[in-house]
Amino acid sequence: MIVNGNNIYSLTDKNKLIITLDENNPKIVITDGFHYTKPLELVFHHVHTYYFRVACIIENYQLAVGIAMIIICYLLGFATGFFLIKLFSFFPIIYFLFFYYINRNDFLQLQVA
């Protein structure tokens, strides 16, 4: 997490990160080194505490379903000999690579907790 372009904070799994800020309107950017979120500017008018959650556009269950779909479609295509079913097994890989490389701005998301 980068705050105001110069303060870098490391995020870990399942641990809360508390950042105390002295100035109003800080800009927050989440990065993993390759993907960056759009800068989010916080305005402290009435609320003095914000709670966020960092998420990925591809959830764990989507990865599990994609891997299962790859295995099932490829094995069905291999057993039946239909090339089209084997070809369809690559759809989850193309789908995940689209979000990873092409749609990089939406890959990481800063969500309100």
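The structure is a predicted model, in which local features require a pLDDT of at least 70 and side-chain atom pairs count only at pLDDT 80 or more, whereas totals for chains, interfaces and linings use all residues. Residues are numbered from 1 along each chain as its sequence is written, and side-chain values use heavy atoms, with hydrogens and water left out.

The protein chain has a mean pLDDT of 83, and 98% of its residues reach 70 or more; pLDDT is the predictor's confidence in each residue, from 0 to 100. Within the chain, confidence is highest in helix α1 (residues 60-80), at a mean of 91, and lowest in strand β1 (residues 2-3), at 74. Helices (H or I, at least four residues) and strands (E, at least two) are DSSP runs, numbered from the N terminus. Where pLDDT is low, the predicted coordinates should not be read in detail.

Strand β1 belongs to an open sheet of four strands, arranged in the order β2-β1-β3-β4 with antiparallel pairing. The edges are formed by β2 (7-8) and β4 (40-41), each of which has a single partner strand, so one side of each lacks a neighbour in the sheet. Two strands are taken to pair if DSSP finds at least two bridges between them. The antiparallel pairing of β1 with strand β3 (residues 27-29) comprises two bridges, and Val-3 stands opposite Ile-28 in β3.

Accessibility is classed as buried under 20% relative accessible area, exposed over 50% and partly exposed in between (1.4 Å probe, protein chains only). Asn-6, in the loop between β1 and β2, is exposed, with a relative accessible area of 57%. The C-alpha atoms of Asn-6 and Ile-57 lie 26 Å apart, at a sequence separation of 51 residues. The loop between β2 and β3 contains Ile-19 and Leu-21. Ile-19 is partly exposed at 24% relative accessibility, and Leu-21 is partly exposed at 25%.

The largest pocket has a volume of about 1,200 Å³. Pockets were defined on a 1 Å grid over the protein atoms alone, as an open set of points where a 1.4 Å probe fits, with protein on both sides within 12 Å along at least five of seven lines; lining residues have an atom within 4 Å of a point. Grid points are joined across faces, edges and corners, and the volume is the space filled by probe spheres set on the points. The lining holds 33 residues, with Leu-11, Lys-16, Leu-17, Phe-52 and Arg-53 nearest the pocket centre. Two or more lining residues come from each of β5 (52-56) and β6 (108-112), and β5 gives the most, with five residues. By class, the lining contains 20 nonpolar, six polar and seven charged residues; Ala, Val, Leu, Ile, Met, Phe, Trp, Tyr, Cys and Pro count as nonpolar, Asp, Glu, Lys and Arg as charged, and the others, Gly among them, as polar.

Eight aromatic pairs are present. Rings of Phe, Tyr and Trp (its six-membered ring) pair if their centres lie within 6.5 Å, and planes under 30 degrees apart count as stacked, over 60 as edge-to-face and the rest as tilted. The rings of Phe-88 and Phe-91 are stacked, because their centres are 6.1 Å apart and their planes lie at 0 degrees. Phe-88 is partly exposed at 45% relative accessibility, and Phe-91 is partly exposed at 45%. Ring pairs join Phe-88, Phe-91, Tyr-95, Phe-96, Phe-98 and Phe-99 into a cluster.
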